[in-house]
Amino acid sequence: MIKKRKKDLYLSDRQPLTPLGKFFLALNYFVLISYSLVILWPLSRMVISAFNGKQGRYISLSGKYEFSFKHFEYLFKETLYLTWVKNTLVIAVATAILTILIVSFTGYAYSRFRFKGRKTSLMTIMLLQTIPTFAGITAYFTLHSIISDFFPFITRQMMLIFIYTGGGIAANTFILKGYMDSISTELDDAAMIDGCSYMQIYKLIIMPIVRPMLAIIALWSFIGPFMDYMLPKALLTKPESYTLAAGLYTLMNNRETLNQPAFAAGGLLTALPIVILFIVLQKELISGLAQGSVKG
Amino acid sequence: MTSEYLYDHLDRAYPRKNLYLKDLAQLQAKDADQSQIKDFISSKAEHPYTSKLNDYKKNEKIFIQEKKKASQEKISQLKVSNDLSYFLIEKFEAEEDLKFYQKYLDLTYDAELGYESALILSTRLDGIISNLEKMEREITELEACTAILDGTDKFNHTFISREDYKASIKELKSKRKEGLISAKALETGRRELKEAYKYSKELRKLEDPEYRLKKEIQSKKHAKSNYVKTSKRLLKDDLAQIRRRVPIEIERKRAYLPWISLPFPGLGQLLNNQKAKALLFFLAGLFIYLVAIPYSLGFANYQGKGLAGLISLAAGGKRTDRSIIFMIEGIIALTLLTLSALIIIFSFLDVKKVNQDRYKGIRTRNWFETRSSILEDGFPYLVSLPAFFVIVFIVIVPIMTTLLLSFANMGPKTQSKFPWIGLANYKLLITGQGLVGSVFWKIFLWTIIWTIGATSLAIFIGFALALLAHNPRIKGKGILRTIYLLPWAVPAFITIMFFSIMFSPGGELSLLLSKLMGRTIDVKNSMIWTRAVLILLQGWLGSSYIFLLSTGVLQAIPDDLYEAAEIDGANSWQRVLKITLPIVLFQTAPLLVNQYTFNFNNFSIIYLFNGGGPFSPLEYGNLAGSSDILISYIYKLTINNQYQSVGAAVSIFISMGLMLIAYLGFRNTKAFKEERL
């Protein structure tokens, strides 16, 4: 008896749905679910074809299926995949570190000091950075041959690191500045009275507070080289020095090295860690992006 | 003109003590004849004040020599630590100074400075010396083990044993397991326990008298060295304060000083008696004379001829000489020269300012003051230096190169040597002539369609999904959000390449499309289909980011807004239109604009999907395909076909447009309008 009555009770604080409302809710679900299928389907095909051993050099999705790791084996043994991973990691880590080193200072300077030429310089570099990095590509080639004449140890990969870092300085400074602006200057003043120098204030007070934002900037700088195809393709000439994007492209475009299933396998391996990173840190990544622009 | 009063940096007036200058000023103020003034100046030696001042200077010289001798003797007699002897000598000298300068207090401000400095030193030093002596005595006593440490050997403290510590942690963990405390509380509790345990361990160690003694000596020594350092700094600070308060009197302006330091940065500073500053400027001068100027004259170049190479572009040079290298080395030379010019101007202004200030009565800053002003006022500049250099050489030099290249003629036939050709490249593009120019406007048009179409589609899909998923009755939002995040999280080049495979002839999506349309469709060989698929694909890729962004904003909209609207009788459509849409648009507007510029330059998708194709030589020539946008056109011009100059002109063309849009955008953002502080 009681059980039955409990079932009939309407306990939600929302109004009960009208038939039309029910229809719309169903429609809502339908749209949302079908779009998730639109997203999942191509990605799932990639996963499936990476594990399908019944393929040659081309992906065939309609044919037979046999689970195998053969494409991964091919990837590791016949291609330079591991070298590409290493190259990309080196470039990404170096870019992230260099960016943080440079930007944490500029962000602090632009947030806390009112110095001559502050607004103009910020505006100038912001404008300069709307110019696509690629516009300077001819100069990068020549610049590298000039620099490597004076400093032979500087490779094209290092150039790439500098280009990525230089390209991000203005935007990252802006993001960090915006974040620092939201921290009260009373803390600084108190530290100043206690005899801290500016350097100490940054190290002891500001940095611990802005650490989350620094982490986000580092993360974005780290991910950048994984995503970029254009600069490595144009600047790096040897397959041994390629990054992942440029390297994997050879698996699907170059007639001699073409192997589409291996590309799928490589793409899967590359995407997996990044996807996990994004899913875990989605809130932080988005807030980082939004901070810079909304506040800016 | 000589003023009757002296001023300090706060413009406080002080009467002159130099009577000669005072008379001169009065004479000038009375509008006396030029000849009278001249006579007065020429008879300076006969002025009574002059001889007095000369006497003072002579006596001071003798006094300083004697003082030095005496203090050196004193040093050899003193049998104390270095720190202490430093302060003792200071005190001795200050007392001597007091006696000497007191006699000349009314004569000159230099004597007043000496007197006041000595006064402050002698008052401060007593305390410092006695404190220091006490500290040293304590240390020696401790070292000789004669002192008895105060406090008992046992602390009034309940010690935590290792077992206790482990047990408490276990207890915390079990509490967490039972759900009595949160994970955060567990974390905090654990940290607290650890701290307490560490502290307790340290205290236990301190019960050992020997260890305690060692620690005590260590801390005392540390305190002492700290005290010495701080005292020295505070004394210097006090002296600097006096320098700001006591003016200086000089006769001539030495207006030539800034000018003679123009060719030699540092010289003026040296003559102004600022040695450390002079050294800094001198080092900068070395950069100018050993790096910037030789480089721009063509020495130590890689291949070019410095600045001259910028004009000649290697015309008539050796076969191996390449114009582009000449151009870039010319630009580098230009950059170095600009830096040099900045240094020289800075040095000139510095000398000029110091000189003028001295004439007014403000004393030159000493190194202690200069250093702290560099560290304070110069701090933002100092820490921005690395960024400055990276931007100059990685952003500005390449952009300058591109700009200049667009006025030259670097093409497939003129790779190694090319001349300046002025605006010809731009003319080619604007009038749409020649092999490279004829397709420009067609590509431009498609670029605009692509940018607006693809971005708007992505924004529409993303926002619509966010709105649908925001419905409170929808369940499983977390899963939906994770799925919708995927196109953003998977590196775009991977998805684009995979889609490219699926849309190739015989690919799965190609087959599907053909089945739907009822005829064979070759996406990659049809301009219309390639373009349509590209826009759809970017919609697929870009919507995820918009979805996540709008979801964030939607969640932040307070519910009462909707409730109020509901009570006022707004239906759900009106609520979306009048509340949700404006808020989301307003908050994400800058990011949406960024999305448009991103797609304007979205090279990857165009190049990786179909290589810019399909190619229709009749309509597009050999240089570009029918789905190429400007950025991929630049890529093909520059990398594949070696039309670097035309590529540069296109780059400059789109950069101008982007910069204009960005400028209009930034100008109106909050950050540039209202500044904090």
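Start with two helices of chain A: helix 11 and helix 12 cross in a left-handed manner. The model is predicted.

**Stop 1: helices 11 and 12 of chain A**

Select residues 244–253 of chain A for helix 11 and residues 260–280 for helix 12. Their axes come within 8 Å and cross at roughly 160°. Helix 11 of chain A is therefore roughly antiparallel to helix 12 of chain A, as the angle is over 145 degrees.

Now show side chains. Which residues of helix 11 of chain A meet helix 12 of chain A? They are A:Leu244, A:Leu248, A:Leu251 and A:Met252. On the helix 12 side, pick A:Gln260, A:Ala262, A:Phe263, A:Gly266, A:Gly267 and A:Thr270. Colour this contact by class: six residues are nonpolar, four are polar and none is charged.

**Stop 2: chain A as a whole**

Zoom out to chain A. Switch to a cartoon view: there are 13 helices and zero strands.

Next, check the dimensions. The C-alpha trace of chain A spans about 75 × 65 × 30 Å along its principal axes. Chain A has a radius of gyration of 26 Å, whereas a compact globule of 296 residues would have one near 19 Å.

**Stop 3: where chain A and chain B touch**

Select the residues of chain B in contact with chain A. There are 81 of them, and they touch 78 residues of chain A. Which helix of chain B gives the most to this side? Highlight helix 15, residues 379–405 of chain B, which gives 18 residues. Colour the chain B side by class: it has 61 nonpolar, 16 polar and four charged residues.

**Stop 4: chain B as a whole**

Hide chain A and look over chain B. Its secondary structure comes to 29 helices and two strands. Its C-alpha atoms fill a box of roughly 115 × 90 × 65 Å along the principal axes.

Colour chain B by its assigned domains:

- Domain 1 of chain B takes in 5–147 + 231–245.
- Domain 2 of chain B is 155–206.
- Domain 3 of chain B is 256–405.
- Domain 4 of chain B is 439–642.

How far apart are the centres of domain 1 and domain 4 of chain B? Over C-alpha atoms, 76 Å separate them.

**Stop 5: helices 4 and 5 of chain B**

Select residues 82–102 of chain B for helix 4 and residues 109–143 for helix 5. The two pack at an angle of about 150°, with their axes 8 Å apart. That makes helix 4 of chain B roughly antiparallel to helix 5 of chain B. Their crossing is left-handed. By class, this contact has 15 nonpolar, three polar and seven charged residues.

**Stop 6: helices 18 and 24 of chain B**

Move on to residues 440–469 of chain B, helix 18, and residues 572–600, helix 24. The axes come within 10 Å and cross at roughly 140°. Helix 18 of chain B and helix 24 of chain B are therefore oblique to each other. Helix 18 of chain B passes helix 24 of chain B in a right-handed crossing.

Bring up the side chains again. On helix 18 of chain B, the residues in the contact include B:Trp450, B:Ala454, B:Ala458, B:Ile459, B:Phe463 and B:Leu467. On helix 24 of chain B, look for B:Val576, B:Val584, B:Leu592, B:Tyr596 and B:Phe600, among others. The contact of helix 18 with helix 24 of chain B divides into eleven nonpolar, six polar and no charged residues.

Methods: Residues numbered from 1 in each chain as written. Chains lettered and ligands numbered in written order. Predicted model: local features only at pLDDT ≥ 70, side-chain atom pairs only at ≥ 80, totals over all residues. Axes fitted to C-alpha atoms, helices over the stretch in contact; angles between N-to-C directions. Helix = DSSP H or I, 4+ residues; strand = E, 2+ residues; numbered from the N terminus. Parallel < 35°, antiparallel > 145°, perpendicular 65-115°, else oblique. Left-handed = near helix turned anticlockwise from the far one by under 90°. Contact = placed C-beta atoms within 7 Å. Nonpolar A, V, L, I, M, F, W, Y, C, P; charged D, E, K, R; others polar. Domains from an automatic or database assignment. Rg over C-alpha atoms; globule rule 2.2 N^0.38 Å.
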